[in-house]
Amino acid sequence: MDTRANVPGAQAIARAASLLRLVTAAGQDGVSAGELARRADLTRPTAHRLLTALRREGLVDQDEGSGRWMPGPELFLMGTVAAARYDITELARDIVRSLAVRTEESAFLSVRRGDETVCLLREEGSFPIRSFVLSEGVRFPLGVASAGLAILAFLPPHDVDAYFARHDELPRLWGAAHGEARLRARLRDTHERGYAVNPGLIVEGSYGLGAAVFTREGHPQWALSLTGVEFRFGPDRLPELGRTLLAHAHQLTSRIASARR
């Protein structure tokens, strides 16, 4: 049950938070107010009113020339403080780089934020043909990209059930392959294999592998992943890539546990 309707002002906060996520996902290129309204399912006057309020607080900024909305300076200050507790990018940076060097594919670190994953780091591999599905700041629902699939597979069963109850829109937005029955089958395969495989379900011909990274308490909070073109992820090479990915994910999990004691 969604209790936000019973809390005064909660709906406005949720809408503003949704706009903030969309603005940050757009990065330095910015995004128009009309596009923000469409993606957030808001009327343009409502979106403009909320964006104006967020700008007064320094949370978003508007480019004077293009009119596009971008992250504001206050977000940087907030993020700097929050990073001391939540950011593991410096712990992970050399591991992500090593994963890219070892596999020659693009390697990533993503973090779980609610029912989504957010890409934090990208390291290009040396293979000249690349997939550009993922980059810093890009968000996907859990279970859609390989990182989110790996995280969802290792959540407690009641959390997985609750996730599906909240998100019956996945097949409509992401295709029939993301219906609950088919997605649960991939979750089982991921749990048994140890890593997730995304066989071109987001962009045709672009494959991905993902492995969960755990907190000291054993919760899947992050994921390492690889993406590349289909012929690089064939049955002759997939097990080797999976073993390399899992080894790096285990290394990062151990490093996080040691650093936070």
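**The largest pocket and beyond**

Guide: With seven residues, helix H1 is the element that gives the most to the lining of the largest pocket. The model is predicted: local features need pLDDT of at least 70 and side-chain atom pairs pLDDT 80 or more, whereas totals for chains, interfaces and linings use all residues. Numbering starts from 1 along each chain as its sequence is written, and side-chain values use heavy atoms, without hydrogens and water.

In all, 25 residues line this pocket, and Ser-18, Arg-21, Leu-22, Arg-39 and Glu-116 lie nearest its centre. Two or more lining residues come from each of helix H1 (10–26), helix H2 (33–40), S5 and H8. (A pocket is an open set of points on a 1 Å grid where a 1.4 Å probe fits, with protein on both sides within 12 Å along at least five of seven lines; lining residues have an atom within 4 Å of a point. Helices are DSSP runs, H or I, of at least four residues, and strands, E, of at least two.) The lining holds twelve nonpolar, three polar and ten charged residues; Asp, Glu, Lys and Arg count as charged, Ala, Val, Leu, Ile, Met, Phe, Trp, Tyr, Cys and Pro as nonpolar, and the others as polar.

Rings of Phe, Tyr and Trp (six-membered ring) pair with centres within 6.5 Å, stacked under 30 degrees, edge-to-face over 60, otherwise tilted. By this rule there are four aromatic pairs. Phe-140 and Trp-174 are edge-to-face, because their planes stand at 65°, with the ring centres 5.6 Å apart. Since Phe-140 belongs to strand S5 (residues 139–141) and Trp-174 to helix H8 (residues 170–174), this pair ties together parts 34 residues apart in sequence. Phe-140 is buried at 7% relative accessible area, while Trp-174 is partly exposed at 29%; buried means under 20%, exposed over 50% and partly exposed in between.

Another pair is tilted: the rings of Tyr-207 and Phe-233 have planes at 45° and centres 6.3 Å apart. Tyr-207 lies in strand S7 (residues 206–214), and Phe-233, 26 residues away, in the loop between strand S8 (220–229) and helix H10 (238–259). Tyr-207 is buried at 17%, as is Phe-233 at 4%.

In S7, eight of the nine residues are buried. S7 runs antiparallel to strand S6 (residues 196–199), joined by four bridges, and pairs with S8 in the antiparallel sense over nine bridges; pairing requires at least two DSSP bridges. Gly-210 of S7 is the bridge partner of Ala-196, and Ser-225 in S8 is a bridge partner of Gly-210.

Definitions and conventions:
Buried means under 20% relative accessible area, exposed over 50%, partly exposed in between (1.4 Å probe, protein chains only).
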